[in-house]
Each structure stands twice: as C-alpha cells, then as structure tokens.
Amino acid sequence: MNNLIDIMQLSKEELLELIDTALDIIANPDKYAESCKRKKLATLFFEPSTRTRLSFEAAMLELGGSVLGFSDAGTSSASKGESVADTAKVIGCYADIIAMRHPKEGAPLVASRNAGIPVINAGDGGHNHPTQTLADLLTIYREMGRLDDLTIGFCGDLKYGRTVHSLISAMTRFTGIKFVLISPKELEVPSYMIEDVLVKNNIPYEITRSLEEAMPSLDILYMTRIQKERFTDEAEYNRLKDSYILDADKMKLAKEKMAVLHPLPRVNEISVAVDKDPRACYFKQVRNGKYMREALILKLLGIKAGNAAHAEEQTVEVVTDKFKCTNPRCITCCEQEIVHEFKLADPEKMVYRCVYCEHEA
Ligand code: CP
C-alpha cells in the first residue's frame with residue numbers, strides 16, 4: 001500500500017521526481033485536468049487547518065477528481081468515541097485516498113494500517129507534517145535553484161514544530177547541508193531528532209538563541225509560530241510567545257539571496273512589513289504546496305508512476321510486549337486497543353522509541 005506518513009518513506013530520487021511532476025503541472029495544467037476523474041479524496045481533519053486541507057481539496061479538483069470529508073472532528077463520529085482505526089476502515093469504503101490531520105501523534109499511521117486505501121499524514125500533533133515538507137522543498141528548489149549546499153536556519157518552536165522535524169529529516173537526503181537551530185531552551189529540537197537524524201547522518205548543526213547572530217550565514221530562514229495549542233501551561237506560552245520577531249531591521253542582516261519560509265499561519269513572528277521584501281517566500285510556498293500535493297496524489301494513486309527507486313526500508317527490531325508509551329500526545333495513550341510498539345532506534349545504547357510518536361521508552 002502506498003502511504004505517506006513520514007517524509008523518510010520517500011527516497012531522494014522520489015522527492016526529485018515529485019518536484020519534476022509539480023513543475024510539469026505548473027507548466028502544463030491542462031495535461032492533468034482529468035487525471036483523477038472518478039477518484040475521490042477524503043480529507044479527515046480532526047484539527048484546524050486552512051492551507052493543508054484546502055490545498056489538498058484544490059489539488060484533487062484540479063486533477064479532475066472529487067472531495068469529501070470533514071473539517072471538525074465534532075461533526076464526525078469520533079465525537080461519539082469511534083476509534084481512528086474504525087474511522088479509517090469506514091472511509092476506505094467511500095474514497096480512493098485519505099488525507100488525515102489529527103492532534104494525536106501516530107494517528108495517521110494507525111489509519112494507514114486500517115484503511116485499505118492510501119493514507120497521507122496531513123500533520124499529526126507535534127510530530128510530522130510530510131506534505132508541508134514537499135511544499136518547502138519545491139519552494140527552496142524554485143527560489144535557490146538547488147537543494148544541496150545550503151545553510152538552513154530554523155527559528156521559533158523547534159520542539160513541537162512538526163514542519164521543522166519533517167524538513168530537517170528530508171534535507172538529510174541532500175549534500176552540503178548545515179542547520180542553525182534558533183530557539184529558546186524550552187523549545188529546542190527534540191533529542192531524538194538530534195541523535196537519530198543529525199548525529200547519525202553526520203550533519204553539521206549549531207544551536208543558538210540569537211536570530212541576529214545567525215542571520216548573515218543563512219541561505220534559508222525557516223520561521224515558525226510558537227504554537228499556543230501545544231502548551232499545557234499558558235504562563236509558559238505567554239513567556240515564550242514573543243521570543244523571535246523577524247522585522248525589516250533584522251532582514252538587513254541577511255544575505256541578498258536568502259529566502260524566508262514559514263509554513264503559516266503566522267501570528268506576529270514575521271512583521272507584515274517583511275512581506276514586501278523579495279526574499280519573503282511564504283505565500284509562494286502556499287501555492288507550491290498545492291502543486292506538490294497534486295504530484296503526490298498522482299503518485300500514491302499510481303496514476304503517474306515514475307522510475308525512481310523507493311527509499312530503502314530500514315529493518316529495525318520492533319517489540320510489542322516490553323514498554324508502554326507515556327507520551328500524553330501519542331495516539332496509543334488515548335485509544336486503548338492499539339498495541340504499543342517500540343523500535344530499537346539505537347542498538348548500541350539500547351534506546352527504544354515508540355513507533356507512533358518517537359517517544360523514548
Ligand atoms: N502549514 C499548515 O499546515 O497550515 P494549516 O494549519 O492552515 O493547514
């Protein structure tokens with residue numbers, strides 16, 4: 001079954017192939033206008049969204065298909081206690097492909113194991129957001145003309161920022177990448193990203209609190225929102241919410257060719273005055289998201305199959321009877337019937353992580 005739950009399911013060749021398809025869609029939209037005739041996309045959004053849901057729907061409509069779904073879990077039978085697995089089995093009877101957003105980490109993985117049709121992770125809690133990464137990659141490629149040899153700064157909420165986690169992972173597919181991780185101490189990139197992604201792949205990175213100091217070295221600045229909805233302590237959110245604000249003065253410190261990306265929505269972390277700067281690419285990024293989602297739908301439905309080799313599946317030891325996930329944001333913690341699975345992430349240190357949310361055992 002073709003699913004996209006984690007961006008690392010796509011090889012470098014597949015990422016480039018999706019970019020090629022998206023560029024062809026941009027150049028020849030009529031060629032694709034009936035590609036998905038009689039196909040149905042179900043958008044199951046258990047958490048709010050503007051861009052992801054509507055760009056998936058626009059993408060399917062532009063491919064000649066139809067859309068169904070819900071944008072408020074309160075109007076679905078989840079509000080009566082229906083599990084993610086049962087919901088996925090039901091939607092598999094109506095649609096050809098699912099895009100799911102859920103506040104619980106690992107929920108789209110559960111859906112993909114039950115739906116019988118392709119499932120796309122449209123964002124699971126603070127974990128992953130692989131289709132935002134597809135939008136980000138096309139934007140970087142179109143703005144910089146390359147995906148290699150880049151210094152990329154991530155700024156803001158790097159702990160719960162699922163778009164950050166997916167883009168860092170994807171960029172390890174390319175060469176000459178360096179990361180500058182700009183955040184308050186409380187919102188640093190999770191340790192599993194540092195150990196399992198950056199250290200394991202020998203990717204150079206720097207952790208800093210200062211956006212100003214980082215600015216001159218960056219080719220890409222990826223700003224993020226401090227996400228109120230991820231905090232359990234409102235006082236901590238209020239203390240951290242204005243940690244970084246990109247304004248016209250800070251833009252003066254940047255390279256002439258730097259590109260500013262932001263997955264949006266923004267609150268105040270990029271001043272509106274920056275929108276006029278030719279280096280501000282976040283609204284182009286929104287448009288690119290629709291093209292990449294079109295390319296992905298075509299690939300997962302097998303309508304435009306390329307020659308690119310699949311990402312090599314890592315064989316990791318998985319245990320089901322040893323640990324229970326204690327991450328309150330994990331789907332296993334709210335749906336009792338899901339078997340707790342842990343993968344051996346680091347055989348040397350014997351570190352096990354939850355298959356659904358990466359939480360360490
Ligand atoms: N970037 C993004 O995921 O936006 P939405 O929350 O509006 O979908």
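Predicted model: local features only at pLDDT ≥ 70, side-chain atom pairs only at ≥ 80, totals over all residues.
## Ligand site

The ligand sits in the second largest pocket. Around the ligand are Ser49, Thr50, Arg51, Thr52, Arg101, His129, Gln132, Pro263 and Leu264.

For Ser49, a polar side-chain atom lies 2.6 Å from a ligand oxygen atom. For Thr52, the distance from a polar side-chain atom to an oxygen atom of the ligand is 2.6 Å. Gln132 places a polar side-chain atom 3.0 Å from a nitrogen atom of the ligand. On its own the ligand has 250 Å² of accessible area, and the protein covers 92% of that.

The structure holds 26 salt bridges. One of them joins the side chains of Arg230 and Glu47, with an N to O distance of 3.1 Å. The two residues are 183 residues apart, so the pair links distant parts of the chain. Arg230 lies in the loop between strand S8 (220-223) and helix H9 (234-240), while Glu47 lies in the loop between strand S1 (40-45) and helix H2 (51-62). Both Arg230 and Glu47 are buried.

## Other salt bridges

Lys252 and Asp249 form a salt bridge through their side chains, at 3.1 Å from N to O. Here Lys252 is exposed, and Asp249 is exposed as well.

A further salt bridge connects the side chains of Glu188 and Lys185, with N to O at 3.9 Å. Is Lys185 buried or exposed? Lys185 counts as exposed because its relative accessibility is 58%, and exposed means over 50%.

Salt bridges also form a network, which links Glu195, Asp196, Arg353 and Glu360.

Asn3 belongs to the segment before helix H1 (12-27). The relative accessibility of Asn3 is 17%. Buried means under 20%, so Asn3 counts as buried.

Which backbone atom does the side chain of Asn3 reach? The side chain of Asn3 reaches the backbone nitrogen of Val119, at a distance of 2.8 Å.

Technical notes: Residues numbered from 1 in each chain as written. Heavy atoms only, no water. Salt bridge = Lys/Arg side-chain N within 4 Å of Asp/Glu carboxyl O. Helix = DSSP H or I, 4+ residues; strand = E, 2+ residues; numbered from the N terminus. Buried < 20%, exposed > 50% of the residue type's maximum accessible area, 1.4 Å probe, protein only. Near = heavy atom within 4 Å. Polar contact = N/O pair within 3.5 Å; in protein donor to acceptor, adjacent residues only side chain to side chain. Areas by Shrake-Rupley, 256 points an atom, 1.4 Å probe, with all protein chains shown as cover. 1 Å grid on protein atoms, 1.4 Å probe; cavity = no way out; pocket = protein on both sides within 12 Å on 5 of 7 lines; lining within 4 Å. Sits in = over half its atoms within 2 Å of the grid points.
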